[in-house]
Amino acid sequence: MGNIVGSAGAAASRGVSASSLVGSDDGAAAAGQKSRDLAQRWQEINGQKNWVGLLEPHDHVLDETLREEIIRYGEFAQSTYDAFDCDSYSKYCGSCRYSKKKLLDTVGLPNRGYEVTRYLYATEDFDSPLKMLKHSNQPADSVWSTVSNWIGFVAVCTDEKELRRLGRRDILVAWRGTVTDLEWLSDIEDVLAAPKRGRPAISLTDDIKVDAGFWSLYNSTKSDSRYNQTSVREQVNKEVLRLLDVYKNETDKLSITITGHSLGAALAVLNAYDIAQELQSSKNLKPTTPSACCTIPMITVFSFAGPRVGNDAFRKRFESELGIKALRMVNINDLVPKIPGVFLNEQSPELSDLLAMLPWTYSHVGQELKLNDRDSHSLDPAKATIAHRHNLEQYLHLVDGYGRYAEHPPHRDITLVNKGCDFLKSVHFIPAQWRQVQNKGLVRNADGTWSQAPRELEDIPTPPTKV
């Protein structure tokens, strides 16, 4: 297994939560207070009241406990990038570099209190408009898979201390975004489809539609792949339902939190809708009924730089009928959240009747936290590119500084911004794209020659158990 240069296993290279960087005795006291605060307010922080009073966009005010939770879930999303093998020379390209047991510790998220219970694998239809999977250049008979990619994980909080801090047990789904330099954006065809394929159907009526490309990735199978005998949709839903059954006696203090960046944000929205639909159908309850609060756990999406996923009928059912809470972090200068539906979208309410009839109209879901990379004192406007403004570490930097750039220095290490891009001002003396696999995955053999490093046995991908 190749070591990561400047590995995130050290706190300085991956970053830690804001509360742990506040400082000495005052910082410890503040961290303790915020822990108690979260335990008492977790439903509010997870959007029970749609974050009313916690987000003040005109005054650039952000509740501090909410800020920390956004960053915490964003770091889980970032871990899917840090653990992903995207080296086309590696026979494991497209897989996770680490086993479930080692994942969080190895990418620099130790002591988070979560146990990773399942890895998620996705594939695409041959006719999918999006080509977002990474594959090895090595011969097909020597690679782990030619048609599947690792795309995230399911985890659950099991640590007693963290359970007390959170105030409940949290089931987490983290979705990985694309690592293909955003060329997939040009392949989005603005085609909405009724997602009725699969059981149970995600859409019960023809008027609810989602993007065909995202749906394909979420719901596709491959008979010739050991990793996608079942779709990623079936994999994730089965695992979440299994965990809900394990902890069925804790439903009054149980949450499902789904996070992702870019493509991962789109999958997070689809997944949240799908889980809520299945739970509501199986329980025959609505989230707004008194008994449902003790039967159907709260489902929240924290998404970063996500594109639109479905039409306005999808949005209405997502928000009102299924009661899902979604908070979208959006850099106003980022292109991705503006698509699909650049010209006709939820910002054209006067055309609502027309939007319902057209096959290419989209609507965002949930609430929006508007960020602006131009507000940061650390980013260099001259270096701004589409990719830099879309970068997840840059998003976490913007959340950290939101509304307090002038009053406080950043709490998160700004070095992290340049982990995978080159957006910091030169005065910080941080090299671009500094995080990389040592020797690009090569190791020196006893005879002095170099070759691809073998993976430790536990880190070799293994097919998921059949759903």
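1. Helix α7 has 15 residues and reaches 21 Å from its first C-alpha to its last, close to the 21 Å expected at 1.5 Å a residue, where the expected span is 1.5 Å times one less than the number of residues.

2. On provenance, this is a predicted model, in which local features need pLDDT of at least 70 and side-chain atom pairs count only at pLDDT 80 or more, while totals for chains, interfaces and linings use all residues. Residues are numbered from 1 along each chain as its sequence is written, and side-chain values use heavy atoms, with hydrogens and water left out.

3. As for the chain overall, 12 helices and 15 strands are present, taken as DSSP runs numbered from the N terminus (helices H or I, at least four residues; strands E, at least two). Of its 467 residues, 55% count as buried, and residues 24 or more positions apart account for 73% of the contacts with a separation of 6 or more, a contact being heavy atoms within 4.5 Å.

4. Helix α6 (residues 212–219) packs against helix α7 (residues 232–246) at an angle of about 65°, with the axes 5 Å apart; the axes are lines fitted to C-alpha atoms over the stretch in contact, and angles run from 0 to 180 degrees between N-to-C directions. Trp215, Leu217, Tyr218 and Asn219 of α6 meet Val232, Arg233, Val236 and Asn237 of α7, and the residues of this contact divide into five nonpolar, two polar and one charged.

5. Helix α6 is largely enclosed by the rest of the structure, because seven of its eight residues are buried, namely Gly213, Phe214, Trp215, Ser216, Leu217, Tyr218 and Asn219. Its N-terminal end is capped by Asp211, a side-chain oxygen of which lies 3.0 Å from the backbone nitrogen of Gly213.

6. The largest nonpolar core has 58 residues, and those with the most contacts inside it are Leu66, Leu103, Phe153 and Met329; such a core is a set of buried Ala, Val, Leu, Ile, Met, Phe, Trp, Tyr and Cys residues joined through side-chain atoms within 4.5 Å. Helix α3 (residues 64–82) supplies the largest share of this core, seven residues. Apart from this core lies another, of 46 residues, among them Leu217, Ile275, Val301 and Val309. Leu66 itself touches Ile45, Trp51, Leu54, Leu55, Phe302 and Leu327, not counting residues up to four places away in sequence.

7. Helix α12 (residues 392–401) is mostly covered, with 10 of its 10 residues buried. Asn391 caps the N-terminal end of α12, placing a side-chain oxygen 2.9 Å from the backbone nitrogen of Glu393, and just after the helix Gly403 takes a positive phi of about 75°.

8. Asp373 lies in the loop between β12 (367–371) and α11 (386–390), and is buried, with a relative accessible area of 4%. Not counting residues up to four places away in sequence, Asp373 touches Asn331, Asn333, Leu379, Arg389, Gln394, Leu398 and Phe423. The side chain of Asp373 makes a polar contact with the side chain of Asn331 (3.0 Å), a polar contact being a pair of N or O atoms within 3.5 Å, of which, within protein, one must be able to donate a hydrogen and the other to accept it, with residues adjacent in sequence counting only if both atoms are side-chain atoms.

Notes: Buried < 20%, exposed > 50% of the residue type's maximum accessible area, 1.4 Å probe, protein only. Nonpolar A, V, L, I, M, F, W, Y, C, P; charged D, E, K, R; others polar.
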